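Please look over the sequence and the structure before reading on.

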Amino acid sequence: MAEETTNPTPAEPATAAKAAPAAKPTSPAAAKPAAAKPAGHAAPKGPPLATLTPELAQLQQHFGESIITPAPYVGVLVNDLSKLRDVMTYVRDQLGFDMLANVTAVDYIKEGYLQVVYHPQRSKGGQPITIKVRVPRGSDPVAPTEVAVPSLTPIYAGAEFQEREIYDMYGVRFEGHPDLRRILTWEGFYGWPLRKDWHEPYYEGDTKPFDSRWPGGHHELAEERVPWGDNVNYPPGFDPLNFNSDPDAGLYDSMLSGVPNAPIGPNGHAQQAPQPQGVGAAVSVYDRNYNTLADEEELQTDQIIVNMGPQHPSTHGVLRMVVKLDGETVTDLKLALGYLHRNHEKIGERNTWLHNIPYTDRLDYICGLANELGYVITVEKMMGIKPTERAEYLRVIMAELTRIESHFWAIGFLLNDLGAFYTPALYFITERDLILDLFESVTGSRLMCNYMRFGGVSRDFTEDQLAHARELAFDRIPRKIDELEQLLTENEIIKARTIGVGYLPAERSINYSLTGPCLRAAGVPYDIRRADPYSIYDRFDFEIPVFYGADVYDRYRVRVAEMRQSLRIVQQALNQIDQTKPGDIQAGKKAYNHRVPAGEAYGRVETPKGELGFYLVSDGGQNPYRYHVRSSSFINLNALKEMTVGHKVADAVVILGSLDIVLGEVDR
Amino acid sequence: MAEPTNANVSEEFQNDPRVPDELRNNVFITSLDKLYNWGRKRSMWPMLFGLACCAIEMIATAASRHDLARFGWELMRASPRQADLMIVSGTVTKKMIPQIVRLYNQMPEPRYVIAMGACATAGGPFKEGYNVVSGVDKFIPVDVYITGCPPRPEALLHSFIKLQEKIEKQSLRNVPWYRQGEEDVVPVPALGPDLVDMRRAQEIKEKAAQAAPALEQPTA
């Protein structure tokens, strides 16, 4: 615990004139002793202040103790919003935290402010630091905050979508953001859904279990409880016969302006090219060498906007790409997300801690077990418990098998996107099904395993299941990976289609917060299993495969190499698990209701897609006060535009396939 | 020549002296309905259209182990104009439902809908979410519902068999798509402050005029 006598209150608004009204209410609260913590839904009152890590101490020293103060529990608070960009530039350039892992917000409604939380990290490894700022919630519950936070997009390109998400969910305005629109909901949505005073139409209470679930053993339909008879809610006086519905407002705006060529009408059709610039300019921009045309000046070219998705065979779900095309060349690209936004975080804040485990399966539904691991590790960090030895091994076996099956899937569908329709995928789905058989026999489900528990796992492997796992790990899968490589790695068509496509150099990848195989294909050996080891990965002998091409081909090669490394880990784990005690899979007693001490934690694991982080805030109650998922698929998509512009539209599909996104994780 | 007995070939036809020998045992007599439905039920073209987790199991169903091709249903078409069947495989969100309804309207008759899994059936584990539609049948008619989260490939195959049974029972005389009159088009819902079902617009307007404020103030 920190012994910061100079700053007894975390939110002392010394220099932040703007933030003063927000921070004031905390001062009396913070004076109370930390022990007097009411259960239920109160925000943390008078929490202990964080001990400053050497980096944060250096930061405080540089900017002064009035600007940087220790925050409750973890990290520091930047008290002057106008200094935020300076602070973050210093953090990036002087302290070396070159990657913004996570940005999110928390609504401290009792104190009257929204807290934006940044987690920068070093691409060389180590733990992230936590930096927080506060903005007053504002008087109008449906308007964005009056006070704006400076956008960090000029410093960290990876902040773009994350800040948009905060704007969408909390109504925090970001000044200087290039495209601040709603991202998961739609333009015109009423209110800010993750604010604590915003209630969904089926709202029953802040915490589960809800009273309606089993009164006398009968249930009632949620539809019967709400005035509208459905999962909807409208502002008073809303007139559905006369309203302006424009869910895509602003989507095409920047694609229409700021381009070398013609303006495009609201329907996506190009209008007449403007006379002053002429068409020759456009031709020279794209260097199309139409020199033999005598009347080049009269050649009319148009750019068109094409919507790919949300129903499109190659967008891996309900992603929507809006591409601007000059002929077949992509000149601009925007993403419209949220078509699978199923309110994971809002539901997660209603659930008890235990309830959330099966929900995490449904984040990235290809690799549910890896998601569960991330969540339980974060909660265990807050509870201060450790799983048993055997449970650790079982977790690692499951997580690494998940990585293998996920990469099988990713490679199969990358080939799909390359035009080898379904045949390669069929081979890999066959292998994947064998792994799913093991999951099913152990956990009872193929995809949604609900296997991990706080302090352990739910079921042990039997001898038969261990034998099944050994057969897979020592015999079947190694053979099949060899076969895969034989078929694909030196395939001429694959090489011609993928080498040099989707290039994004290492510095840009880091700046975009890219994680997972995509980052390692750019030559950055960043893998959380090594960079910030968790579970028992430090016991195993394995390598982090790195390639340097930063293109689609190397992303493919990284995945193949990772499958081999995962196999090595599974093999070692299967050899070592015999030394643990069978049946000893749960530390402590099994519990239905877990009490997590008040505090906050950011925990992360390396899933097949990249860094999966959970930012959890507990107020000591039986459910999370804040439950945020930092999903790699979502944040990796930030970089899609830079990877794609200049390529043909057919390559855009391949580049998207090489990112290996899963929409459940993108939209959450 | 051995006598292959076939129940479909009527006795009368077999014994009629006017029927030449080479046609006996080669002619089936059946009703037009049966022939028509027999062809339809074995050549369904599902739409290549996945929403969420269930789509993964749908792909697994089409893959080699479960082999959807056995049913003649493996030809997935990405265009709704070429599809007979929509498998709603996953959570239906408010942001997505206008597109789903539009796709449904673009499918030519006869068209069928399978609601795959808990979410498409009733909202599933995400029902309480503010962006989740409580079942796709709030907007489009569903022929077969499957339980599960997600349903196993076998469950999806089972739903195909159930749908085949349903198709077998349909008769040309009373199927809706040969009737005169207007086409059955579902109005596309709009996204305003919340999802607006245009069929209920009048009702919504009346209720909104007297509704309580949507955003409640926090109770301290």
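The points below take the contact between the domains of chain A, and then the contact between chain A and chain B.

The model is predicted. In chain A, the domain assignment gives domain 1 (13-175) and domain 2 (344-667). Chain A also meets chain B, with 76 residues of chain A in contact with 64 residues of chain B.

**Domain 1 and domain 2 of chain A: extent**

- The centres of domain 1 of chain A and domain 2 of chain A, taken over C-alpha atoms, are 30 Å apart.
- Domain 1 of chain A brings 44 residues to the contact, and domain 2 of chain A brings 35 residues.
- About 3,000 Å² is buried between domain 1 of chain A and domain 2 of chain A, and carbon and sulfur atoms give 54% of that area.

- One salt bridge is found across the interface of domain 1 of chain A and domain 2 of chain A.
- A salt bridge joins the side chains of A:Lys132 and A:Glu600, at 2.9 Å from N to O.
- The interface of domain 1 of chain A and domain 2 of chain A also has 19 residue pairs in polar contact, both residues being at pLDDT 80 or more.
- On the side of domain 1 of chain A that touches domain 2 of chain A, at least two residues each come from β3 (99-108), β4 (113-121) and α5 (159-170) of chain A.
- β3(A) gives the most to this side of domain 1 of chain A, with ten residues.
- Sorted by class, this side of domain 1 of chain A holds 23 nonpolar, 13 polar and eight charged residues.

**Chain A and chain B: extent**

- Chain A and chain B bury about 6,300 Å² between them, with 61% of it on carbon and sulfur atoms.
- A:Trp186, A:Trp228 and A:Gln311 supply 12% of the area that chain A buries against chain B, more than any other three residues.

- Seven salt bridges are counted between chain A and chain B.
- A:Lys208 and B:Glu128 form a salt bridge, with their closest N and O atoms 2.6 Å apart.
- Between chain A and chain B there are 32 residue pairs in polar contact, both residues being at pLDDT 80 or more.
- The side of chain A that touches chain B takes at least two residues from each of α6 (222-225), α9 (344-350), α12 (389-418) and α13 (423-443) of chain A.
- α13(A) gives the most to this side of chain A, with eight residues.
- By class, the side of chain A that touches chain B comprises 45 nonpolar, 15 polar and 16 charged residues.

Definitions and conventions
Residues are numbered from 1 along each chain as its sequence is written. Chains are lettered from A and ligands numbered from 1 in the order in which they are written. This is a predicted model: local features need pLDDT of at least 70, side-chain atom pairs count only at pLDDT 80 or more; totals for chains, interfaces and linings use all residues. Side-chain values use heavy atoms; hydrogens and water are left out. Domain bounds come from an automatic or database domain assignment. Contact means heavy atoms within 4.5 Å. Buried area is the accessible area (1.4 Å probe) that two parts lose on being put together, summed over both. A salt bridge is a side-chain nitrogen of Lys or Arg within 4 Å of a carboxyl oxygen of Asp or Glu. A polar contact is a pair of N or O atoms within 3.5 Å; within protein, one must be able to donate a hydrogen and the other to accept it, and residues adjacent in sequence count only if both atoms are side-chain atoms. Helices (H or I, at least four residues) and strands (E, at least two) are DSSP runs, numbered from the N terminus. Ala, Val, Leu, Ile, Met, Phe, Trp, Tyr, Cys and Pro count as nonpolar, Asp, Glu, Lys and Arg as charged, and the others, Gly among them, as polar.
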